[in-house]
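Open the model in your viewer and keep the selection tool at hand.

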Amino acid sequence: MDPCPFVRILVGNLALKFPTVTSKPSFLSRIHPSSSSCYCKIKLKSFPDEIATVPLVQDETTPANGNLSHSLAACFNLNKAQIDKILEKSKSSKSNNGVISLRVDVYTGSNGMSCVTTDKLLGRVSVPLDLRGAESRPSVIHNGWAGIGENKKGSQAQLYLTVKSEPDPRFVFQFDGEPECSPQVFQVQGSVKQAVFTCKFGFRNSNNDRNLVSRTSMTENSTPRSWLLAFGSEKDQSSKERKGWSITIHDLSGSPVAMASMVTPFVPSPGSDRVSRSNPGAWLILRPGNCTWKPWGRLEAWREPGNSDLLGYRFDLLHDTISSNSSSTTVANANISSTKGGKFTIDMANSVSTTPVHSPQSSCDFGSGSWSGPGSRPGSGSGSDFAFCCTGPPILQSRGFVMSATVEGGGKCSKPEVEVGVQHVTCTEDAAAFVALAAAMDLSVDACTLFSHKLRKELRQQSQQSVV
């Protein structure tokens, strides 16, 4: 099946300048770049507000494309349903002639996150957004100064910003059940669903690593088990721990195409019932290659300290698949609520270019790295036939969206939905690796459950129910 249409609204390159001479002193004239700080709230209807710091510049300074920082302040990701809903609501409003607006409210102060604040609203800027055609072509909607403040015609404060829209098609996958129940995984496009993978959840232990066997030729002897142990040896088996979980992703022919394996047990820190950041549990995400499993990424998870319900995580992309001291790059490091859930996201966008380069040869050179179109991806195919086999997704070369996966809070039925940018899927193993990563992140919520709570039966080995 083809990918699903998505659109990204990117906001960045922020700068603020104030009038230096006024006939009548005002609040704005008392703000000086060397002694004041400002921030803004970036608002788009139906999306949470984004908060960003706004640097101050001298009045005579005019940022040019060459000396802008290109920093990204906000990014809004719209799927097809959201785009259609926004357009429909926009067209029913006569006040904006069918075009919605992005609003930027500028304040003095630090970051607007304090419960008690004396921050003052300086003014706001509204940028009309016309999303018609945004699914198929990029557009620089605004790039330059816009007036804010008290006097719209005379001397006034001005905000410099860049606003862009760009198409960002993605493959969407949906688990048909909780990962620990070994569900099917469907590829989704609108109301159409097609099975592409099956999952097999199981347990490993030091005496039987049967789940590390892949294709027929990938025997247990060929598995780089010493490499796995180098990243996290097992703890004393008599201690209270959650260990040995694994989930293998199979294509429709039954061949294993990715796996997530828990290599560092999840154990409580001394004197508590929480997995701590200083001793997190860890998974390896593995891909098949040369008749064996090759490590691709490492996911760590823990509970934040205190009474927080936040689940912290970090995902490292591994560069060397052989040596025990492999180098890695962290591509995700954040937290989500273990009660309410959230989204695990890998997004490499950190800048906003003002030059709309969009060629079949450069899928990540425009803005955050949008897809370069069907011509750059041979063999989109259907089902699990994504394209020719490859060595792995070029995440580090991307400057845009890579993937996201929904994560439900503890105690809730979890059926992860996974979105993957098309430039990162050139073969079945690519897609399967991201599906395995999503499953590992979902299972980490259970692995980080307080040890005073009992896990569901699917996550408890019959021989180890007293320790998990």
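This is a predicted model: local features need pLDDT of at least 70, side-chain atom pairs count only at pLDDT 80 or more; totals for chains, interfaces and linings use all residues.

**Cores.** Select Phe-173, Phe-197, Trp-245, Ile-249, Phe-315, Phe-344 and Met-403. They have the most contacts inside the largest nonpolar core, a set of 60 residues.

**Ser-414.** Go to the loop between β19 (401–407) and β20 (417–421); Ser-414 lies there. Ser-414 counts as buried because its relative accessibility is 5%, and buried means under 20%. Show side chains: a polar contact of 2.2 Å joins Ser-414 and Asp-442. Beyond neighbours within four places in sequence, Ser-414 also touches Gly-177, Glu-178, Pro-179 and Glu-408.

**Salt bridges.** The structure holds 19 of them. Start with the network that links Lys-43, Arg-103, Asp-105 and Arg-124. Centre on Asp-105, buried at 1% relative accessibility. Its salt bridge with Arg-103 has the closest N and O atoms 3.0 Å apart. With Arg-124, the distance between the closest N and O atoms is 2.9 Å. Arg-124 sits in strand β6 (residues 121–129) and Asp-105 in strand β5 (residues 100–108), so this pair ties together parts 19 residues apart in sequence. Both arginines are partly exposed: Arg-103 at 30%, Arg-124 at 37%.

Last stop: Lys-243 and Glu-241, whose side chains meet in a salt bridge of 3.2 Å, N to O. Buried or exposed, Lys-243? Lys-243 is buried, at 8% relative accessibility. Glu-241 is buried too, at 1%.

Technical notes. Residues are numbered from 1 along each chain as its sequence is written. Side-chain values use heavy atoms; hydrogens and water are left out. A nonpolar core is a set of buried Ala, Val, Leu, Ile, Met, Phe, Trp, Tyr and Cys residues joined through side-chain atoms within 4.5 Å. Buried means under 20% relative accessible area, exposed over 50%, partly exposed in between (1.4 Å probe, protein chains only). Helices (H or I, at least four residues) and strands (E, at least two) are DSSP runs, numbered from the N terminus. A polar contact is a pair of N or O atoms within 3.5 Å; within protein, one must be able to donate a hydrogen and the other to accept it, and residues adjacent in sequence count only if both atoms are side-chain atoms. Contact means heavy atoms within 4.5 Å. A salt bridge is a side-chain nitrogen of Lys or Arg within 4 Å of a carboxyl oxygen of Asp or Glu.
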